[in-house]
Amino acid sequence: MNLTPQQRKVRNEQRQQDASQAMKEHLAHEKAFYNNFHRLKAERQAREAAESRKPSAAKQAQ
């Protein structure tokens, strides 16, 4: 594959743009994943805290 210097320059610029776009997409997906992870974790902890309060309230009522 014999490329002229101009063709190599264009190819390299395109590769850099592709890599930059891929990195932006990766970071956006990573941020969405961790936001969802933390939301679900908070929901689980709230649910577990509510469940742990139920039995103690029921024991006190007896």
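Start by selecting Y34: at 42% relative accessibility it counts as partly exposed, a class lying between buried (under 20% relative accessible area) and exposed (over 50%), with a 1.4 Å probe and protein chains only. Keep in mind that this is a predicted model, where local features need pLDDT of at least 70 and side-chain atom pairs count only at pLDDT 80 or more, while totals for chains, interfaces and linings use all residues. Residues are numbered from 1 along each chain as its sequence is written, and side-chain values use heavy atoms, leaving out hydrogens and water.

Y34 and F37 make an edge-to-face aromatic pair, 6.5 Å centre to centre with 80° between the planes. Rings of Phe, Tyr and Trp (its six-membered ring) pair if their centres lie within 6.5 Å; planes under 30 degrees apart are stacked, over 60 edge-to-face, and the rest tilted. F37 is partly exposed, at 40% relative accessibility.

Now pick F33, which is exposed at 51% relative accessible area. Ring pairs tie F33, Y34 and F37 into a cluster.

Switch to a surface view: F33, Y34 and F37 also make a nonpolar patch of about 330 Å².

Then show the cartoon. Y34 sits in helix α1, residues 5–61; helices are DSSP runs of H or I, at least four residues, and strands runs of E, at least two, numbered from the N terminus. Y34 and F37 are three residues apart in helix α1, so about one helical turn separates them.

Finally, zoom out. The protein has one helix and zero strands, and 0% of its 62 residues count as buried.

Note on methods
Patches are made of residues with over 30% relative accessible area and no salt bridge: like charges are joined within 9 Å, nonpolar side chains (Val, Leu, Ile, Met, Phe, Trp, Tyr) within 5 Å. Accessible areas come from the Shrake-Rupley method with a 1.4 Å probe; for residues, only the protein chains shown count as cover. A salt bridge is a side-chain nitrogen of Lys or Arg within 4 Å of a carboxyl oxygen of Asp or Glu.
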